[in-house]
Amino acid sequence: MSEEEKKTLTIRKKEMLAPTTGKKLPSKEVISDLTCRKLIQEATKAMQNSYAPYSSFQVGACLLAKSKKMYTGCNVENVAFSPSNCAERTAFFKAVSEGEREFTAIAVVGGKKGIIRDYCPPCGVCRQVMLEFCDPNAFFIILAKSEADYWIYPLSDLLPVGFAPSQDL
């Protein structure tokens with residue numbers, strides 16, 4: 001990649017970046033820096049429970065319900081791969097199984113052997129699960145390297161087109 005392409009990519013990334021200090025976000029919802037840091041902290045703890053003997057890529061997530069309750073999840077791999085479950089879906093399924101249906105945000109962290117080196121965005125399947133339960137303009141995905149280094153995206157930015165429950169399928 002040329003230096004000009006790298007510069008353009010960096011500018012595009014910055015344009016996509018939502019505020020990270022409790023400022024008003026596109027949905028007019030506010031997520032405080034303190035809330036983001038707490039979610040990241042809990043996601044990092046959850047990552048330690050990851051079962052990833054095949055990829056060694058450990059992921060943790062912390063989901064915030066509108067009730068203010070937090071649900072954590074980690075990735076759980078399976079030798080057949082297809083039955084594996086991502087951290088984000090683990091957190092969602094745990095919350096839904098306990099009766100939650102409305103959510104505000106999710107923090108996601110991950111890295112090889114549990115060492116966080118970069119942002120860890122949700123896979124497409126996880127984004128689709130999020131869309132099942134969340135308003136894409138009012139639900140936020142926090143991608144973090146640490147409690148001090150994170151990006152916030154509305155789900156609509158990471159899944160601009162998906163199968164929404166409101167559609168007549």
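T90 touches G73, C74 and N85, leaving aside residues up to four places away in sequence; contact here means heavy atoms within 4.5 Å. The structure is a predicted model, in which local features need pLDDT of at least 70 and side-chain atom pairs count only at pLDDT 80 or more, while totals for chains, interfaces and linings use all residues. Residues are numbered from 1 along each chain as its sequence is written, and side-chain values use heavy atoms, with hydrogens and water left out.

T90 belongs to helix 3, residues 87–97; helices are DSSP runs of H or I with at least four residues, numbered from the N terminus. The side chain of T90 takes part in polar contacts with the backbone oxygen of C74 at 3.1 Å and with that of C86 at 2.9 Å. A polar contact is a pair of N or O atoms within 3.5 Å; within protein, one must be able to donate a hydrogen and the other to accept it, and residues adjacent in sequence count only if both atoms are side-chain atoms.

Aromatic rings pair if the centres of Phe, Tyr or Trp (six-membered ring) lie within 6.5 Å; planes under 30 degrees apart are stacked, over 60 edge-to-face, and the rest tilted. By this rule there are seven aromatic pairs. One of them, W151 with Y153, is edge-to-face, at 6.1 Å centre to centre and 70° between the planes. F92, F103, F133 and F139 form one aromatic cluster.

Buried means under 20% relative accessible area (1.4 Å probe, protein chains only).

| Residue | Relative accessible area and class |
|---|---|
| T90 | 18%, buried |
| W151 | 17%, buried |
| Y153 | 4%, buried |

Terms used:
Helices (H or I, at least four residues) and strands (E, at least two) are DSSP runs, numbered from the N terminus. Buried means under 20% relative accessible area, exposed over 50%, partly exposed in between (1.4 Å probe, protein chains only).
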